[in-house]
Amino acid sequence: MDYKKAYNILFNAMTDAIEAIDGSKVITQEMNAGLVILRKAQQTTEEMYMDSE
C-alpha cells in the first residue's frame, strides 16, 4: 500500500471538509467541535509526516 498517497488523499479531503464547513453561513457548536477535531488531526499527522522524512 502506498501510505504517502493515502495520507495525501485523506489530508486533502479533510482540508476540503474544513473549508466547506468554514464557508457555511451558520456554524453550530457541533460543527465547530468537528472543525477543532479535524484541524488537530491534521496538525498531528502533518508533524508525524514531517518527522518521518
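Glutamine 42 is buried, with a relative accessible area of 10%; here buried means under 20% relative accessible area, exposed over 50% and partly exposed in between, with a 1.4 Å probe and protein chains only. The model is a predicted one, in which local features need pLDDT of at least 70 and side-chain atom pairs count only at pLDDT 80 or more, whereas totals for chains, interfaces and linings use all residues. Residues are numbered from 1 along each chain as its sequence is written, and side-chain values use heavy atoms, with hydrogens and water left out.

Glutamine 42 lies in helix H2; helices (H or I, at least four residues) and strands (E, at least two) are DSSP runs, numbered from the N terminus. Leaving aside residues up to four places away in sequence, glutamine 42 touches Phe11, Met14, Thr15 and Ile18, where contact means heavy atoms within 4.5 Å.

Helix H1 spans residues 3-22, 20 residues in total, and reaches 28 Å from its first C-alpha to its last, close to the 28 Å expected at 1.5 Å a residue; the expected span is 1.5 Å times one less than the number of residues. Tyr7, Met14 and Ile18 are the buried residues of H1. These residues lie on the same side of H1, because they cover an arc of only 40 degrees around the axis, the arc being that of the directions from the helix axis to the C-beta atoms. The buried residues of H1 pack against helix H2 (29-52). On the other side of H1, the exposed residues are Lys5, Ile9, Asp16, Glu19 and Ala20.

Next come the aromatic residues. The structure holds two aromatic pairs, counted when rings of Phe, Tyr and Trp (its six-membered ring) have centres within 6.5 Å, with planes under 30 degrees apart taken as stacked, over 60 as edge-to-face and the rest as tilted. Tyrosine 7 and phenylalanine 11 form a tilted pair, with ring centres 5.6 Å apart and planes at 35 degrees. Both residues lie in helix H1, four residues apart, about one turn of the helix. Tyrosine 7 is buried, with a relative accessible area of 17%, whereas phenylalanine 11 is partly exposed at 22%. The rings of tyrosine 7 and tyrosine 49 are stacked, with centres 4.8 Å apart and planes at 10 degrees. This pair links distant parts of the chain, with tyrosine 7 in helix H1 and tyrosine 49 in helix H2, 42 residues apart. Tyrosine 49 is buried too, with a relative accessible area of 18%. Tyr7, Phe11 and Tyr49 form one aromatic cluster.

A search of the whole structure finds one salt bridge, defined as a side-chain nitrogen of Lys or Arg within 4 Å of a carboxyl oxygen of Asp or Glu. The partners are aspartate 22 and arginine 39, whose side chains meet at 2.5 Å, N to O. This pair too links distant parts of the chain, with aspartate 22 in helix H1 and arginine 39 in helix H2, 17 residues apart. Aspartate 22 is partly exposed, with a relative accessible area of 38%, and arginine 39 is partly exposed at 33%.
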